[in-house]
Amino acid sequence: MSLEDRSDEELMAAYAVGDLDAFAVLYARHRGRILGYLFSRLAGRDESEEVFQKVFARLHGVRQKYRVGTPFLPWVFVLVRNVLIDHVREAQRRRRRLVYSEEAVMGAAVPETVAGGGWLRRTFGRFRPVLGQA
């Protein structure tokens with residue numbers, strides 16, 4: 001029986017023990033379905049393809065945990081969903097850090113408005129006599 005004629009479960013069992021040809025068949029068979037799922041849930045093509053790559057990296061990492069007889073498609077889509085959730089959470093953390101960073105920069109950039117206008121003059125006014133002597 002050729003690889004193309006084997007079931008997803010048989011292919012995944014073979015891949016779990018190191019058969020890269022079995023992986024190539026699984027990849028070709030389900031690439032479009034997984035990408036379509038990601039396209040429908042993410043903002044753009046680049047982000048979808050980035051998550052798609054993470055999915056297959058994770059699949060490679062957990063391939064030995066696959067239990068023979070487990071239906072492949074539901075199993076792989078749980079993996080896809082988990083990678084997608086991780087990606088969205090990380091993106092939210094990055095956005096939050098960016099927002100906090102912008103607020104810190106804006107707060108530091110306008111100290112006179114925060115301190116009633118005198119803080120900057122008082123701080124740098126102390127250096128004026130020293131600078132004048134040079």
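1. In α1, the buried residues are Asp8, Leu11, Met12, Ala14, Tyr15 and Ala16, where buried means under 20% relative accessible area, exposed over 50%, and partly exposed in between (1.4 Å probe, protein chains only). Helices are DSSP runs (H or I, at least four residues), numbered from the N terminus. Just after α1, Gly18 takes a positive phi of about 110°.

2. On provenance, this is a predicted model, in which local features need pLDDT of at least 70 and side-chain atom pairs count only at pLDDT 80 or more, while totals for chains, interfaces and linings use all residues. Residues are numbered from 1 along each chain as its sequence is written, and side-chain values use heavy atoms, with hydrogens and water left out.

3. Helix α2 has 22 residues and spans 29 Å from its first C-alpha to its last, close to the expected 32 Å, the expectation being 1.5 Å times one less than the number of residues. The helix bends by about 50° at His30, as given by the angle between axes fitted to the seven residues ending there and the seven starting there. His30 is also among the buried residues of α2, together with Ala22, Val25, Leu26, Ile34, Leu35 and Leu38.

4. Beyond its neighbours within four places in sequence, Ile34 is in contact (heavy atoms within 4.5 Å) with Phe52, Phe56, Phe77 and Val80.

5. The structure holds six salt bridges, each defined as a side-chain nitrogen of Lys or Arg within 4 Å of a carboxyl oxygen of Asp or Glu. Arg58 and Asp86 form one of them, at 2.8 Å from N to O; because Arg58 lies in helix α3 and Asp86 in helix α4, this pair ties together parts that are 28 residues apart in sequence. Arg58 is partly exposed at 32% relative accessible area, and Asp86 is partly exposed at 35%.

6. Within α3, Glu49 and Arg45 lie four residues apart, about one turn of the helix, and their salt bridge has its closest N and O atoms 3.1 Å apart. In α4, Glu90 and Arg94 are likewise four residues apart, with a closest N and O separation of 3.8 Å, and a network of salt bridges links Glu90, Arg93 and Arg94.

Methods
Helices (H or I, at least four residues) and strands (E, at least two) are DSSP runs, numbered from the N terminus.
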